[in-house]
Amino acid sequence: MATSNDYSFSLTLPAWAINENKNLKPTYETIEDRMREVLRFARRNTEEQTGGPFAAGVFELDTGRPVVIGVNRVIPHLCSSAHAEIVALSLAQKQLQTFDLGAPNVPAHQLVVNWRPCAMCYGATIWSGITSLVIAGAGCKVEDITGFDEGPLRDNWQEELEQRGISVTVGVCHEEALAGLRYFANSGAPVYNARQGPS
Ligand SMILES: [Zn+2]
């Protein structure tokens with residue numbers, strides 16, 4: 001019989017990531033600084049076997065103050081939506097006590113991710129209220145290297161974001177991000193696509 005516990009769910013960061021979040025620098029001035037920290041979390045998530053090779057950070061756009069850096073938690077939480085972007089945006093909204101990271105009384109926020117958001121996270125990015133998206137790369141390399149299915153996105157995804165007031169910066173620390181994805185691919189860690197992805 002189901003208990004009331006069966007009608008709620010939560011996503012948590014692994015212990016190492018909670019600790020790393022507590023020790024983040026007060027500010028990360030450049031987008032390269034922000035991306036390198038996100039890439040460090042993504043690689044550590046593979047090393048620690050606490051989720052997929054993805055991390056996402058929410059920063060104050062102008063000051064570079066980190067709100068939180070999240071990591072992918074699909075397998076540990078048995079939750080297909082526990083992508084790094086969802087985890088980071090949700091934790092940031094909880095910490096800042098707002099569902100809108102672009103609310104009038106809230107400083108502008110930036111989402112930094114080690115690859116282009118998948119179909120789901122693309123929507124989550126729009127709904128989050130952030131005004132800037134920074135990614136290390138876009139396109140099929142993540143699928144070629146890791147086998148993860150990123151889902152369908154229209155060719156004009158970037159223009160759609162810009163029209164909604166979200167600036168997009170692509171290619172920050174590109175090679176370092178690819179190295180992290182290759183590290184995951186060579187680790188033998190499982191790829192968790194539903195029904196084992198498109199075939
Ligand atoms: Zn995603």
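**Figure 1. Buried residues of helix α5 in the predicted model.** The buried residues of α5 are Cys121, Tyr122, Gly123, Ala124, Thr125, Ile126 and Ser128. The structure shown here and in the other views is a predicted model. Because 7 of the 10 residues of α5 are buried, the helix is largely enclosed by the rest of the structure. The elements that cover these buried residues include α4, β3 and α7 (157-163). Directly after α5 comes glycine 129, with a positive phi of about 90°.

**Figure 2. The zinc site.** Three residues coordinate the zinc ion: His83 through ND1, Cys118 through SG and Cys121 through SG. The distances run from 2.0 to 2.3 Å. Along the sequence, the spacing of the donor residues is H-x34-C-x2-C. Cysteine 118 has a relative accessibility of 7% and therefore counts as buried, the cut-off being under 20%. Cysteine 121, with a relative accessible area of 0%, is buried as well.

**Figure 3. Packing of helix α4 against helix α5.** Helix α4 spans residues 84-96 and helix α5 spans residues 119-128. Two packed helices are described by the angle between their axes and the distance between the axes. For α4 and α5 the angle is about 20° and the axes are 9 Å apart. The two helices are therefore roughly parallel to each other. Their crossing is left-handed. On the α4 side, the residues in the contact are Glu85, Ile86, Leu89 and Gln93. They meet Met120, Cys121, Ala124, Thr125 and Ser128 of α5. Sorted by class, this contact has 5 nonpolar, 3 polar and 1 charged residues.

**Figure 4. Packing of helix α2 against helix α8.** Helix α2 covers residues 31-47, and α8 covers residues 174-187. The axes of α2 and α8 cross at roughly 5° and come within 10 Å. This crossing angle means that α2 and α8 are roughly parallel to each other. From α2, the contact takes in Arg36, Leu39, Arg43, Thr46 and Glu47. From α8, it takes in Glu176, Ala177, Ala179, Gly180, Tyr183, Phe184 and Ser187. By class, the contact of α2 with α8 has 5 nonpolar, 3 polar and 4 charged residues.

Figure 5. Valine 38 lies in α2, and with 0% relative accessibility it counts as buried. Leaving out residues up to four places away in sequence, valine 38 touches Ala55, Ala56, Gly57, Phe59, Val112, Val113 and Asn114. One of these, glycine 57, is 19 residues from valine 38 along the chain, and the two C-alpha atoms are separated by 6.1 Å.

Figure 6. Cysteine 173 is found in the loop between β5 (167-170) and α8 (174-187). At 10% relative accessibility, cysteine 173 counts as buried. Its phi is positive, about 55°, although cysteine 173 is not a glycine. Histidine 174 is in helix α8 and counts as partly exposed, at 22% relative accessibility. Apart from neighbours within four places in sequence, histidine 174 is in contact with Trp115, Ala136, Gly137 and Lys141. Histidine 174 and alanine 138 are 36 residues apart in sequence, and their C-alpha atoms are 9.4 Å apart in space.

Figure 7. Most residues other than glycine have a negative phi, and most peptide bonds are trans. Glutamine 97 has a positive phi, near 55°. This residue sits in the loop between α4 and β3 (109-113). Its relative accessibility is 67%, so glutamine 97 counts as exposed. Cysteine 173 likewise has a positive phi, of about 55°, but cysteine 173 is buried.

Technical notes
Residues are numbered from 1 along each chain as its sequence is written. This is a predicted model: local features need pLDDT of at least 70, side-chain atom pairs count only at pLDDT 80 or more; totals for chains, interfaces and linings use all residues. Side-chain values use heavy atoms; hydrogens and water are left out. Donors are N, O and S atoms within 2.8 Å of the metal (3.2 Å for Na, K and Ca); water is not among the atoms, so sites may look incomplete. Buried means under 20% relative accessible area, exposed over 50%, partly exposed in between (1.4 Å probe, protein chains only). Axes are lines fitted to C-alpha atoms, for helices over the stretch in contact, and angles run from 0 to 180 degrees between N-to-C directions. Helices (H or I, at least four residues) and strands (E, at least two) are DSSP runs, numbered from the N terminus. Angles under 35 degrees count as roughly parallel, over 145 as roughly antiparallel, 65 to 115 as roughly perpendicular and the rest as oblique. A crossing is left-handed if the near helix is turned anticlockwise from the far one by less than a right angle, and right-handed if clockwise. Contact means heavy atoms within 4.5 Å. Ala, Val, Leu, Ile, Met, Phe, Trp, Tyr, Cys and Pro count as nonpolar, Asp, Glu, Lys and Arg as charged, and the others, Gly among them, as polar.
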